[in-house]
Amino acid sequence: MSSTSGVLVVGETQNGRLAPVTAELLGLARSLARGLQEQVAVVLGAEKLSPEAAADAIAYGAETVYTVEHALMEQSPVEAMLAVVERVVREKTPTVVLVGKTLAGSDLGPGLAFRLGVGLAQDCIEVTLDSKEKGLVAVRPVYGGVAMARVALKRMPYVATVRPKAFDPPQRDTSRKGEVVALNPSLDASVARVRVLERASEESAGVRLEDARVVVGGGRGLGGPEPFQMLEELAKLLGGAVGASRAVCDAGWVPYHYQIGLTGKTIAPDLYITVAISGASQHMAGCSGARNIVAINKDRDSNIFKEARFGVVADWKKALPAFAETVKELVKSG
Amino acid sequence: MPLHIIVCVKQVLDPETPASALRIDPQLRRMVAPANVPPVVNGFDENAVEAALRIKDARPGDVKITVLSCGKSFAMEVIKKPLSMGCDELVLLQDNAFDNLDAFATAHVLAAAIKKLGAFDIVLCGRQASDWDQAQVPQGLAQLLGLPGVTIAKKVEVTDKKVRVERVVPGGREVVEASLPALITVTNELGQPRYPNLRGIMAATRKQPVVWKAGDLGLDPALLQPAVELQELFIPVQEKNVEIIEGEDDADKGRKLALKLREAKLI
C-alpha cells in the first residue's frame, strides 16, 4: 500500500443508533487522526440502517460515513461485514483500522488482520501513534489482567481491537459536518458460510448490567444462590443491576448473563458494590472502568481491597443486611 | 470414513497460580511461575476437548480425535491429558523455533500441520488462551484454511455434513449453522470437562505422541517472524488506597459503610 491515509473505524449499531463502543472508538480515532493530520471515516453495515446512526457517527467525529445495507448483514453478520471492511480497507488504504472488542469485533479483527497479512493489537486499553512510519503502540491486559503488554505494530494498516469502555466517548456535536457515502458492494451469498438460525434474549427485565450506574456483585463467598435475592433487592433500591463472578455462574447459582469479567461483561458504573468477591484479576478485567468500588469481604488480604475505595472487613451475613437496611432508610429519606 | 476432529490445545502457566507468586522474565518477556507449579492445558482448550468427546460419545465408533499442540517443550504428563480424557492421537509441533511465537506465527504453524494431517471435518479450539488472552489463533486458522469460523460455542451438534452451534452472546444465545469442514471455538459455558478415568490414563500412558519439527512442516521461515512486536511486559502499579470502615461489630460496619457512601454522594 503506497499512500495510506486516515483512520477507519469499524462501526456497530444498537437499536438503530450508533453503539456506545463506536462513539468511544471515534474519540480515539480523532486523537490519532489529529496527530497524523488525516481524516476519520467509519463504516456501518446492517440489513437496514437508520439515518440517525450515520448522523450519530458524524456528531461523534467522523468526516465520512460509509454505509452498507444488505440482507446478509442480518443472516451472517460477521462474514458479510468482514467482506465489506476488507474491500473498504483495500480501496481506501487507511493508516489505522480500529475495531471494538465486542462479540462481532472479536471475530472481525483477527479475520481482517489475517486476510491483510498484518499483525493485530487485540483488546487494547491504550493506543498511541508517534509518527506514521514508527508504528502503532498499544497496551493490552494479558494473563487475565495480572500483567500488561506493550505491543507495537510496524506494518500498515495498523489494525487494533479496542476494549469497550476503555476510552470515554467524545462530546457529541450535532453541528459537525460529514459525508455519508452509500456503498453497494455485490456481496455474493458464498461469503456467508455461517448462518444465524435463531436469536433468543435471556436478559432479565430491568437495568442492563453493562449500562447500570450502580452494580451489586456477588462472589463465591456467598456460598449459594439464595443470597442473590438480597443483592437483587439492594440493586433495585439503588436503581442498579446485579452481577457475579465466573465461579458463581459456573456453579449455576445465577445465569451466565450475570458474569462480569474477562470473558463476561465489561461494566463501568459509578458505584460497584462487591459482596464476597475476592477480586481475581480475571474478574477485575471486567470492572476496571468502575469509578468507585466498595468491598464487603471477610479476608483483609484478598485482592479486592487493593482495588476498592471503601472496604468493610466483615462476614457478609452480618454486614450486608445492616448495610441494606441503612441504604433503604437513606434512600427513603431522600 | 469416521468423522475426524482436530482439537488445538496449548500448554499454559496455571492461571490459578496466585498473582503474588508470578514474576516477569524481562528477557523472554513472559510470566514465570514458581518451579513447583506445573503448567496446565489451557482451560478453554479442555472445554474444546470435552466438546469433541461429546460428539464422539454421540457417534460411537465413528469419530477420531487428533489433538494438536505447538511449542518449544512440553510437560508430557500435562499435554497427554486430552488423551487420558479419551482423545485418540496427539501430534506435537515441537521445535526451538516455536518458542514464544505470536498469534500470527502460531496460526501458520498449526495451519501447516493441519494440512499435513490430511482430511478433517472439524477443528475445535478454546475461545482464548489464559496466558496472552488473544483469541486470535482460531480466527487466523479459519482464514488460513479457508474454513467457516464459529466462536464461543456452548453446544456443538454435528448433523449430516453440517454443524449446529449454540453460541453465548450478550443478553442471550444464538444458534448458527455452518457446513463442514468448519472451525469452532468453545467456551466454559459448555460445561465441566470430564475427569480422566483409570482406563483412559492407562491408555494415554501407552500412546506415544507424533512429533513434527519445523522442517517437517515445510514452513517458510519468514512466517515465524512476529507480526506484533512485544516491547514490554509489566505489572501495573496499584494506586488506590482503600479506606477500611471500622465499627463495633460486623453489622455496625455495614451501617457505617452505607452512611459513608451517602457522605461521598454515591448513593
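Predicted model: local features only at pLDDT ≥ 70, side-chain atom pairs only at ≥ 80, totals over all residues.
User: Which residue in E8(B) does Ile5(B) stand opposite?

Analyst: Ile5(B) stands opposite Ile122(B) in that strand. Chain B has a mean pLDDT of 95, and 100% of its residues reach 70 or more. For the complex, the predictor gives an ipTM of 0.93 and a pTM of 0.91.

User: In which sense do E1(B) and E8(B) pair, and over how many bridges?

Analyst: The sense is parallel, over 4 bridges. E8 covers residues 122-126 of chain B. E1(B) also pairs with E6(B), residues 63-71. That pairing is parallel too, over 6 bridges. Within it, Cys8(B) stands opposite Leu68(B).

User: Which residues of E1(B) lie on each side of the strand?

Analyst: On one side are Leu3(B), Ile5(B) and Val7(B). On the other are His4(B), Ile6(B) and Cys8(B). Every one of these is buried, and both faces are covered.

User: Now the interface. How is its size read?

Analyst: The size of an interface is often given as the accessible area lost when the parts come together. Here about 6800 Å² is buried between chain B and chain A. Carbon and sulfur atoms give 58% of that area. Gln143(B), Arg173(B) and Leu266(B) supply 9% of the area that chain B buries against chain A, more than any other three residues. In contact terms, 77 residues of chain B meet 79 residues of chain A.

User: How many salt bridges and polar contacts link chain B and chain A?

Analyst: There are 6 salt bridges. There are also 31 residue pairs in polar contact, with both residues at pLDDT 80 or more. Helix H7 of chain B, residues 250-263, gives the most to the side of chain B that touches chain A, with 11 residues. One of the salt bridges joins Lys154(A) to Glu229(B), with the closest N and O atoms 3.0 Å apart.

User: Is Gln136(B) buried or exposed?

Analyst: Gln136(B) is buried, at a relative accessible area of 4%. Its place is in the loop between E8 and helix H5 (137-145) of chain B.

User: What does the side chain of Gln136(B) reach?

Analyst: It reaches the backbone oxygen of Leu120(A) at 3.1 Å. Leaving aside neighbours within four places in sequence, Gln136(B) is in contact with Pro110(A), Phe114(A), Leu120(A), Gln122(A) and Ala103(B).

How values were computed
Residues numbered from 1 in each chain as written. Chains lettered and ligands numbered in written order. Heavy atoms only, no water. Buried < 20%, exposed > 50% of the residue type's maximum accessible area, 1.4 Å probe, protein only. Helix = DSSP H or I, 4+ residues; strand = E, 2+ residues; numbered from the N terminus. Pairing = 2+ DSSP bridges. pLDDT = per-residue confidence, 0-100. Contact = heavy atoms within 4.5 Å. Buried area = accessible area lost by both parts, 1.4 Å probe. Salt bridge = Lys/Arg side-chain N within 4 Å of Asp/Glu carboxyl O. Polar contact = N/O pair within 3.5 Å; in protein donor to acceptor, adjacent residues only side chain to side chain.
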